[in-house]
Every structure is written in structure tokens, then in C-alpha cells.
Amino acid sequence: MEMQITRASGLAWRTVGGETIVIHLANKMMYGLNKPGGRIWEAIGDSTTFENLVRLLPREAGTEDIMRRSLESFLAGLAREGLIVTDAEFQQDVEEPVGPADPRITWREEIRRFAGASCAKYPGVSTICSTNPEQ
Amino acid sequence: MAPALQSSAARTSSTSPASPRGFKVNISGLILEVASPDTDWLAWNKNRFSAFLSEEEASILVTHRPDAGEAAFSTSPSQQRITLKGACHPRFLDTVLIEVLPALLEPSLVVHGTLLRDGSRAYLCCGQSGAGKSTLAAMLPEHALCDELAAIRPTDGGFEGVSLPYWVARPGSAPLASVFILEHATSHRRTRIAPGEAVRELRRHICWPTENANAMMAAFTTLTRLVQEVPVYRLGFRKDPGVWDVITEPTQ
């Protein structure tokens, strides 16, 4: 049976300067994917299979297994962050990919509501401001 | 010469327009009517927002109910009514507005930054508390529109920077020429940053409407469009008004 990979719901993404930026609305997280990661992300579409993604990998003699493991590592990361849904169990113990052709999540950042907007000038006025972690 | 920046809280309200129910305030084109049976509470806030008062028709009604239990606020599903409950400090209105404005103003972004203007162009200078926003505004009073929060409004031809009444502010707007991420430095310097990095940096300075998925999508779309259409720089500066020449240098 083929391993199905489906994009999670509640996401938005844009490609900006060669980088694909994904926002997870429910988890309030933002992610950057490098160019190879962005290509895989686009290829997932609404849903695809692992083997379909494998077919997109560069075909150089002797690298197929490495590229396949690199793809597994990337997909494991997407699944861990809740960006894809899959019934596949990807290898979690592969080393972090480092080559420029490896798909990667290059950064992940939390989205905070107030972004440090300062109520600190008026302490004690409300609990809303006092919960701001960046003050 | 443009009038120097003034504290909106320091102005008198004796000649300001008023509504019979309270007062109306224009925040980036959004007209809010503020009403309260507590005349002291109302007068304090009318004075606080005196630079941004309006006589236009309001689309949002903000009602203060001092006898309704502990301090809290609620918004109607349509977001056209905001209710402040309890005998809250007058500044509670500010706190509530900071909470609700990111969703009310979508697809505009509400950004933690100082907005500067030189006639036909606006410059947004972002930074966390302590990064130098207020310092920059105080050094350049003839150019400063606000020193804490500004709105970035998408337009057909680009983006407009619009001042918000936080904290030392006067009304004003202009097409947005550049965005800067502020850093303290021993000399003035600016360095352009790539769009992807700009998203990552600016993310930290945006007030996200996290409780409203549609507004979050709109803010994300505006941000990703902004970094592709408007140059974003890191700006290192020392306490010297000469930084204005660096800010207004033509785009690299």
C-alpha cells in the first residue's frame, strides 16, 4: 500500500524570494522552507504519495538512497510540526540533512499576539498587558 | 514646516468635536464612538485621544459599563460593538483597542514601530521596547507621526503608512517608502535584507490577530506582499539626527 501524504488544514503559504513561508493558523507558528523544501511542499499539493515525491528527487548515480532518506527526514519534520498528515512512519533517526539540495525546514518561529506592543508605561492597568512575555 | 510631535494626552479637548453620547475617534480610517455614563472616565479618554477625534459616522460602538462587575471586555460577533465592563482604569480602553485593532483593521498590519514622514513618503522603523523607537521619534519631531504602533495599509499602488494614537502621536499618513529594523550602533548604517529574512524579522513586530483565522490570513498576505514590494533594511543608528539622511537615502 502506498504511503499517503496530505497537507494539514488551517495553513497558508507564500513563496518569497525563493523561500516558502508557511503559517499554521491554529498552532500560531510560522516556518521557512528552503527551495528544495518548497518544491516538495508544492508537489504535495492537497495530497500525494511518498513514491510520487521520490520521483521528483534528483537522479544521480549512488545518491538515491541518501536523497530518499533526506526526503523522509523532511517529511518527518513536516509531520512533527502538524503541517502534513500521513499514516507513514518516516525514519526519525536520520542525520540532519546539510546539502543545498536537501529539503529542509530552515526556521520555525512562534507568532505572538502583541509583538511586544508596550503597555509597560502603564503597569497594573489590566492583565492583558501583563501577560505579554516580551515586556 | 510641519507641526512638531505632541503628546495626544497633553492636548486639551475644549475645541474638539464631540458626539452627544461621548466622542468619536478616527483610527486609521476606522471611526469608533466611545460612550460611558462615567463622565470622568469619558473626559479622560476624550483628552487622551484628542488629536484623533472625528465627526464622521462611526462604524464601531465602544460602550463602557462601569457597574457591570469586574473589569473585562467583550466584542459582538460582528465586532461592531465592544463593551468594557467594570470600574476599570481609563487606560483600559487603550489596552482593549490594542487587543482588537489588528482584526478590525485587516488587511492592514498593526506594527510595533515609529512612523516618520517627509511630506510625500513614510518610513516605518520597527523595534522591540528599548530598540530606539521613542528616541528616534524624539530626535526627529518634525518628521515623527507616532512612536509605538503604526498601521500599514495595502493600496492599489503599494502601501500606506498610517499613524495610530500610540503613544506620542498625531494623525498622518503617506505612501510607505521603506521599512527599517532598528538596532543601536556606534555609527549610522543601513543594510538591505532579503524578503524571506524580512518576513522572519517583521513577524516579531506585528500585532497578530491570533484569535481570528481570516484576519490572520489577511495579515500574512499583506506581510508577504509588503516585503516583496517595499525595501526592508536593518538600521543601526546612534543618537544623532543625522540618521534622517540615512533613512531617506534613495532605495539601494
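## Two helices crossing

Q: Is the crossing of α4(B) and α5(B) left-handed or right-handed?
A: A crossing counts as left-handed if the near helix is turned anticlockwise from the far one by less than a right angle, and right-handed if clockwise. For α4(B) and α5(B), the crossing comes out as right-handed.

Q: What kind of model is this?
A: Residues are numbered from 1 along each chain as its sequence is written, while chains are lettered from A and ligands numbered from 1 in the order in which they are written. Local features need pLDDT of at least 70, side-chain atom pairs count only at pLDDT 80 or more, and totals for chains, interfaces and linings use all residues, since what you're looking at is a predicted model.

Q: At what angle do helix α4 and helix α5 of chain B pack?
A: Helices here are DSSP runs of H or I with at least four residues, strands are runs of E with at least two, and both are numbered from the N terminus. Axes are lines fitted to C-alpha atoms, for helices over the stretch in contact, and angles run from 0 to 180 degrees between N-to-C directions. Helix α4 (residues 195–203) and helix α5 (residues 213–229) of chain B have axes 9 Å apart, and they pack at an angle of about 130°.

Q: Which word describes how α4(B) lies relative to α5(B)?
A: Under 35 degrees is called roughly parallel, over 145 roughly antiparallel, 65 to 115 roughly perpendicular, and the rest oblique. The angle of about 130° therefore makes α4(B), relative to α5(B), oblique.

Q: How do the residues of the contact of α4(B) with α5(B) divide by type?
A: Two residues are in contact if their C-beta atoms, placed from the backbone, lie within 7 Å. Helix α4(B) brings B:Pro195, B:Ala198, B:Val199 and B:Leu202, and α5(B) brings B:Leu223, B:Thr224, B:Val227 and B:Gln228. Ala, Val, Leu, Ile, Met, Phe, Trp, Tyr, Cys and Pro count as nonpolar, Asp, Glu, Lys and Arg as charged, and the others, Gly among them, as polar. The tally is six nonpolar, two polar and no charged.

Q: Is B:Phe159 buried or exposed?
A: A residue is buried if 20 or more other C-beta atoms lie within 10 Å of its own, exposed if 12 or fewer, and partly exposed in between, with C-beta atoms placed from the backbone. You'll find B:Phe159 in strand β10 (residues 158–163) of chain B. Leaving aside residues up to four places away in sequence, it touches several others, including B:Leu176, B:Leu226 and B:Val230. With 22 other C-beta atoms within 10 Å, B:Phe159 is buried.

Q: What arc do the buried residues of α1(B) cover around the axis?
A: In helix α1 (residues 39–48) of chain B, the buried ones are B:Trp41, B:Leu42, B:Asn45, B:Lys46 and B:Arg48. They sit on the same side of α1(B) because, going by the directions from the helix axis to the C-beta atoms, they cover an arc of only 155°.

Q: What is the phi of B:Ser28?
A: Most residues other than glycine have a negative phi, and most peptide bonds are trans. B:Ser28 sits in the loop between β1 and β2 of chain B, and with 21 C-beta neighbours inside 10 Å it counts as buried. Although it is not a glycine, its phi is positive, about 50°.

Q: What is the phi of A:Lys28?
A: A:Lys28 lies in the loop between β3 and β4 of chain A. With 16 C-beta neighbours inside 10 Å, A:Lys28 counts as partly exposed. It isn't a glycine, yet its phi is positive, about 55°.

Q: What is omega for the peptide bond that joins B:Glu106 and B:Pro107?
A: B:Pro107 is in the loop between α2 and β6 (109–117) of chain B. The bond joining B:Glu106 and B:Pro107 is cis, with omega about 15°.
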